[in-house]
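Here are a few exercises to work through with the model open in your viewer. Try each task before you read its solution.

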Amino acid sequence: MKLTIQLNATNLPNVAGAFKGISDPFAVITLLSTSRESTLSIIGETEVQKNTLNPDWTKTFPIDHRLGTPTKILIKIFDRVRKKDANIAMGSAVFDVNAVLGAKGSTMAKKMKNGGLIFVKLISQEVERHDNAGDEQTEDALPPAP
């Protein structure tokens with residue numbers, strides 16, 4: 001099944017430092033390997049949200065998932081620093097895709113060690129198939145009279 005990952009976070013720790021304002025968070029999403037043969041796969045990176053500790057990222061990330069198959073995603077949040085190699089870690093959490101799908105609204109939150117919550121929402125991109133058994137039939141759809 002095709003899924004879309006949406007992310008947001010609340011109450012992140014401000015790691016910008018004294019007199020440097022408020023953090024500019026972004027997230028990196030990594031698909032964790034489920035077997036020894038497979039490798040880590042970076043799914044993508046959100047946009048930077050300037051001067052906030054409650055980012056609601058708009059960028060979404062598609063993944064393929066087979067129901068019942070163990071699939072975990074790692075979300076790492078960083079504060080963007082002008083020197084790209086100097087980004088400061090704000091926190092991280094691992095989410096089990098099956099657990100998120102089973103949660104109310106396919107949404108789950110996890111508290112990070114240094115404070116703050118990461119929220120993951122999964123949206124199914126599968127086309128729903130409707131069964132017409134309970135629908136009213138039109139005259140054209142009725143079987144011929146005996």
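**Exercise 1.** Find the side chain that makes a polar contact with the side chain of Trp57, and describe its surroundings.

*Solution.* Start at Trp57: its side chain makes a polar contact with the side chain of Thr46, at 3.2 Å. A polar contact here is a pair of N or O atoms within 3.5 Å; within protein, one must be able to donate a hydrogen and the other to accept it, and residues adjacent in sequence count only if both atoms are side-chain atoms. Before going on, note that this is a predicted model, where local features need pLDDT of at least 70 and side-chain atom pairs count only at pLDDT 80 or more, while totals for chains, interfaces and linings use all residues. Residues are numbered from 1 along each chain as its sequence is written, and side-chain values use heavy atoms, with hydrogens and water left out.

Next, look at the backbone: the nitrogen of Ala27 lies 2.8 Å from a polar atom of the Thr46 side chain. Now place Thr46 in the fold: it belongs to the loop between strand 3 and strand 4 (strands are DSSP runs of E, at least two residues, numbered from the N terminus). Thr46 has a relative accessible area of 4%, so it is buried (buried means under 20% relative accessible area, exposed over 50%, partly exposed in between, with a 1.4 Å probe and protein chains only). Finally, leaving out residues up to four places away in sequence, Thr46 touches Leu7, Phe26, Ala27, Ile29, Trp57, Lys59 and Phe61, where contact means heavy atoms within 4.5 Å.

**Exercise 2.** How are the rings of Phe26 and Phe78 arranged?

*Solution.* Rings of Phe, Tyr and Trp (its six-membered ring) pair if their centres lie within 6.5 Å; planes under 30 degrees apart count as stacked, over 60 as edge-to-face and the rest as tilted. By that rule you get 1 aromatic pair. The centres of Phe26 and Phe78 are 5.6 Å apart and the planes are at 25°, so the pair is stacked. Phe26 lies in strand 2 and Phe78 in strand 5 (residues 72-79), so the pair ties together parts 52 residues apart in sequence. Both Phe26 and Phe78 are buried.

**Exercise 3.** Asn11 is not a glycine; what is its phi, and is the residue buried or exposed?

*Solution.* Phi of Asn11 is near 55°, a positive value. Asn11 sits in the loop between strand 1 (2-10) and strand 2 (25-32). With a relative accessible area of 56%, Asn11 is exposed.

Conventions. Helices (H or I, at least four residues) and strands (E, at least two) are DSSP runs, numbered from the N terminus.
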